[in-house]
Amino acid sequence: MFLEHKYTTDELVKNCKAGERKSHELLYKQFASKMLGVCMRYATDRMEAEDMLQNGFIRVFQKMDDFRGDGSFEGWMRRIMVHSSIEYYRKHHKLLKVVDIEGEGIEQSVNPIAIANLDAKDLMTLIQQLSPGYRMVFNLYAIEGYSHREIGEIMGISEGASKSQLSRARTILKEQITQAGGKRYEHAG
């Protein structure tokens with residue numbers, strides 16, 4: 001029985017740069033599920049996320065020579081997936097105009113019981129229900145760690161618009177968490 005050698009990520013990257021097709025496949029298998037999770041945050045459904053994933057991997061393999069080893073390969077790939085997902089979304093959907101609202105608004109706190117009754121899957125579902133503009137800004141800021149300036153550059157909006165979209169997304173999520181958590185609490189009792 002033939003046992004396949006377990007390659008490190010560094011070995012796979014080196015072999016991909018050398019044009020070894022099998023390494024492309026192994027790298028894809030190693031990161032596909034994790035990167036699909038990234039794409040799901042920007043997609044309207046799983047099928048669209050899978051398309052985003054394919055486009056993202058095409059770009060990763062095209063830009064493989066650009067990876068210099070500064071930082072983790074996974075982090076580099078994640079950034080490509082995020083940019084590729086947003087580009088895909090722009091191409092296939094009409095993004096709503098993002099409006100810069102004066103001030104950031106008042107954010108209310110969330111009932112701790114409501115939060116305790118939600119799991120990560122429920123929270124991801126609530127995030128996916130946000131409108132596209134709110135969802136993208138929220139994901140880029142809260143999950144990917146981009147600054148408002150960077151989000152503005154990526155999405156073609158002002159820094160202030162990014163801040164107001166994040167504030168509005170948080171407000172909507174807090175309302176949804178309170179409602180969803182409260183409903184679960186009622187059913188559990």
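This text goes through the fold and then the aromatic contacts of a predicted model. Local features need pLDDT of at least 70, side-chain atom pairs count only at pLDDT 80 or more, and totals for chains, interfaces and linings use all residues. Residues are numbered from 1 along each chain as its sequence is written, and side-chain values use heavy atoms, with hydrogens and water left out.

The protein chain contains nine helices and zero strands, where helices (H or I, at least four residues) and strands (E, at least two) are DSSP runs numbered from the N terminus. Of its 189 residues, 39% are buried; buried means under 20% relative accessible area, exposed over 50%, and partly exposed in between (1.4 Å probe, protein chains only). Taking contacts (heavy atoms within 4.5 Å) between residues at least 6 apart in sequence, 68% join residues at least 24 apart.

The structure has six aromatic pairs. Rings of Phe, Tyr and Trp (its six-membered ring) pair if their centres lie within 6.5 Å; planes under 30 degrees apart are stacked, over 60 edge-to-face, and the rest tilted. Tyr 28 and Phe 57 make a tilted pair, at 4.6 Å centre to centre and 55 degrees between the planes. This pair links helix H2 (residues 21-40), which holds Tyr 28, to helix H3 (residues 46-62), which holds Phe 57, across 29 residues. Tyr 28 is partly exposed because its relative accessibility is 27%, whereas Phe 57, at 2%, is buried.

Phe 73 and Trp 76 are also tilted, because their ring centres are 5.5 Å apart and their planes at 35 degrees. Both lie in helix H4 (residues 73-92), three residues apart, so about one helical turn separates them. Together with Phe 31 and Phe 67, Phe 73 and Trp 76 form one aromatic cluster.
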